[in-house]
Amino acid sequence: MKTHTQHNLQIVVISMADQLERRAHAKNELDKLGIPWKFIDAIIGRNLPGFPNDYDRMRRLKLFGFDMSLGEISCTMSHRLAWQECVASNQMTLVLEDDFHLKPEFPKALELALSIADEWDLFRLHSGSFHEVQVIREIGEFQLIENLKDPGSAAAFLIKPNAAKILLKHAQKVFMPADDTIERPWLHGLRILALIPYPVSVDWTPTTTTDRSKPQLSILTRIIREIYRDWE
């Protein structure tokens with residue numbers, strides 16, 4: 001079994017520079033691991049003057065029927081910074097959002113994930129909701145699984161440089177949140193696996209992305225949206 005040292009693993013934490021309490025929490029969690037890590041200063045949605053140039057509004061409206069919030073856009077742009085760091089360093093990278101909490105089984109789960117790194121491109125360590133999964137096999141106290149539906153989280157995952165390059169290609173124009181971009185294997189072809197029970201939880205409140213909501217859509221808008229989704 002390869003260790004995190006043999007895999008040359010790095011850790012990046014996406015965090016707003018002014019969130020000092022969250023940063024102190026992240027430091028306290030990660031200093032226990034003995035793995036190099038650093039903050040990536042998140043882009044702050046409320047500081048954007050409006051929709052940025054790389055927001056693909058036309059595609060967004062066709063696919064979803066309503067705009068992304070500035071908070072969602074800035075969050076996705078912040079994840080792009082993490083993917084760029086992974087590519088630039090050419091290192092397997094653990095990406096964390098700063099509201100993470102490492103469960104006691106995290107070190108074991110991390111080593112297990114790294115030991116089967118030839119089987120995946122991106123490895124989820126957190127899920128935002130209960131979802132359908134396909135169990136691949138048992139690994140110790142965990143089950144190795146593949147998601148059948150989007151688990152709705154980009155709070156904690158391992159990613160390889162080649163996978164980060166592919167996600168960056170598909171996120172050059174922002175039209176959906178980072179977690180939705182990740183969980184589109186028919187679009188990017190990445191193999192995404194996970195271990196359950198998930199070894200990372202998110203229990204830090206309140207969230208710094210406070211404007212993620214879905215408006216009511218007209219019947220015509222819903223019909224156009226479904227036609228475009230089927231086409232894509």
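In what order do the eight strands of the open sheet stand? The order is E2-E1-E3-E8-E5-E9-E7-E6, and the pairing is mixed. This is a predicted model: local features need pLDDT of at least 70, side-chain atom pairs count only at pLDDT 80 or more, and totals for chains, interfaces and linings use all residues. Residues are numbered from 1 along each chain as its sequence is written, and side-chain values use heavy atoms, leaving out hydrogens and water.

**The sheet**
- Helices (H or I, at least four residues) and strands (E, at least two) are DSSP runs, numbered from the N terminus.
- Strands E2 (37-41) and E6 (133-139) stand at the edges; each has a single partner strand, so one side of each lacks a neighbour in the sheet.
- Neighbouring strands are turned by 25 degrees against each other on average, direction ignored.
- Axes are lines fitted to C-alpha atoms, for helices over the stretch in contact, and angles run from 0 to 180 degrees between N-to-C directions.

- Strand E1 (residues 10-15) pairs with E2 in the parallel sense over five bridges; pairing requires at least two bridges found by DSSP.
- Val-12 stands opposite Lys-38 in E2.
- Helix H1 (residues 20-30) packs on the sheet and touches E1, E2 and strand E3 (93-97). Contact means heavy atoms within 4.5 Å.
- The direction of H1 makes about 160 degrees with that of E2.

**Helix H5**
- Buried residues of H5 (residues 161-170) are Pro-161, Ala-163, Ala-164, Leu-167 and Leu-168.
- On the other side of H5, Asn-162 and Lys-169 are exposed.
- Buried means under 20% relative accessible area, exposed over 50%, partly exposed in between (1.4 Å probe, protein chains only).
- Helix H3 (70-89) and strand E8 (156-159) are among the elements covering the buried residues of H5.
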